[in-house]
Amino acid sequence: MGTEGLLSPQVLWLLLWVQLCRGAAEVRLADGSGRCDGRVEVKHQNQWGTVCRFNWDQKDAAVVCKQLGCGSVISAVPNERFVLGSGRIWMDDVGCRGTESALSDCTHRGWGVHYCIHEYDAGVTCTGFVRLVGRDNRCSGRVEINDGDGWKSVCDSHFGAKAADVVCRDLHCGRALSVTRASPSGEGTGPIWDRELQCVGNESTLSSCPTGTPQDQPCTQTSTAAVSCTRKGSGKAVGY
């Protein structure tokens with residue numbers, strides 16, 4: 001067989017370099033309770049597609065949660081409420097070490113190469129970076145942040161209207177209706193986050209907001225922030 005149809009090593013390296021320079025592929029969690037819970041989808045060639053869950057594990061899910069700024073993994077198994085995907089299946093046999101910053105940095109069979117059907121779409125539930133708790137729906141309540149060391153309430157003096165808008169946007173709960181001090185019935189009992197959120201107000205996620213240095217001023221659970229958003233999400237926050 002002739003060699004005229006084979007690519008030279010130089011061309012192969014160039015193709016690999018171009019692929020690396022394209023940057024990380026976008027990822028999202030679809031049809032779940034919020035942006036940190038749902039069916040895993042990745043964007044390739046300007047088209048969203050699903051990921052097959054063959055060999056899918058906690059390390060793969062951890063990379064998804066990290067890429068989305070959604071905290072740590074609660075579950076790498078699809079919840080029964082997740083809707084099956086449609087269209088392209090982009091990734092199969094994903095193998096992450098858990099240290100990657102994006103799912104597209106992990107090994108897989110190749111874009112669009114799979115032996116899968118949508119009944120085996122991968123799903124992830126992450127802790128999330130922020131949640132609203134203490135009331136009867138996930139779109140209102142005391143603000144809690146997961147900084148990697150558990151859930152912590154936020155002092156009301158470190159939290160303003162711009163941060164409240166970002167919280168509601170992050171949780172897919174519309175815009176902020178009010179920012180108040182948590183009521184006695186909604187007060188927490190755990191630790192309190194010691195940083196100030198310095199959101200501009202147009203961030204899509206709370207984890208994108210700059211934060212100030214740790215505050216020395218004392219704050220107790222009687223002076224923690226609470227938010228009510230325009231939407232009334234059904235059910236309580238994930239993990240609460």
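1. R142 counts as buried because its relative accessible area is 5%, where buried means under 20% relative accessible area, exposed means over 50% and partly exposed lies in between, with a 1.4 Å probe and protein chains only. E144 is likewise buried, with a relative accessible area of 7%, and the side chains of R142 and E144 meet in a salt bridge at 2.5 Å from N to O. A salt bridge here is a side-chain nitrogen of Lys or Arg within 4 Å of a carboxyl oxygen of Asp or Glu.

2. A word on the basis of this note: the model is predicted, with local features needing pLDDT of at least 70 and side-chain atom pairs counting only at pLDDT 80 or more, while totals for chains, interfaces and linings use all residues. Residues are numbered from 1 along each chain as its sequence is written, and side-chain values use heavy atoms, with hydrogens and water left out.

3. The chain contains three helices and twelve strands, where helices (H or I, at least four residues) and strands (E, at least two) are DSSP runs numbered from the N terminus. Of its 240 residues, 44% count as buried. Contact means heavy atoms within 4.5 Å, and among contacts between residues at least 6 apart in sequence, 69% join residues at least 24 apart. The accessible surface comes to about 12,500 Å², of which 52% belongs to carbon and sulfur atoms; such areas come from the Shrake-Rupley method with a 1.4 Å probe, and for residues only the protein chains shown count as cover.

4. The structure holds eleven salt bridges. In one of them the side chains of K43 and E26 meet at 3.8 Å, N to O; K43 lies in strand β2 and E26 in the loop between α1 (9-21) and β1, so the pair ties together parts that are 17 residues apart in sequence. K43 is partly exposed at 26% relative accessibility, and E26 is partly exposed at 46%.

5. D92 forms a salt bridge with R109, the closest N and O atoms being 3.3 Å apart, and D92 and R109 each lie in the loop between β5 and β6, so that the pair ties together parts 17 residues apart in sequence. D92 is buried, at 1% relative accessibility, whereas R109 is partly exposed, with a relative accessible area of 43%. Elsewhere, R28, D31, R39 and E41 are linked in a network of salt bridges.

6. A nonpolar core is a set of buried Ala, Val, Leu, Ile, Met, Phe, Trp, Tyr and Cys residues joined through side-chain atoms within 4.5 Å. The largest such core has 25 residues, of which V40, V51, W56, V64, V94, L103 and V124 touch the most other members. The elements giving two or more residues to this core are β1 (27-34), β2 (37-44), α2 (58-68), β5 and β6, and the largest share, five residues, comes from α2. A second, separate core of 23 residues includes F159, C168, C209 and A225.

7. Helix α3 (residues 161-170) is mostly covered, with seven of its ten residues buried, namely A163, A164, D165, V166, V167, C168 and D170. These buried residues pack against β7 (130-133), β10 (176-181) and β12 (225-229), and just after α3, H172 takes a positive phi of about 60°.

8. H118 is found in the loop between β5 (89-91) and β6 (123-126) and counts as buried, at 15% relative accessibility.

9. F54, I117 and Y120 make a nonpolar surface patch of about 260 Å²; patches consist of residues with over 30% relative accessible area and no salt bridge, like charges being joined within 9 Å and nonpolar side chains (Val, Leu, Ile, Met, Phe, Trp, Tyr) within 5 Å.

10. Two further backbone points deserve a look. Q45, in the loop between β2 and β3 (47-51), has a positive phi of about 55° although it is not a glycine, and N55, in the loop between β3 and α2, has a positive phi of about 65°, again without being a glycine. Q45 is exposed at 62% relative accessibility, and N55 is exposed, with a relative accessible area of 56%.
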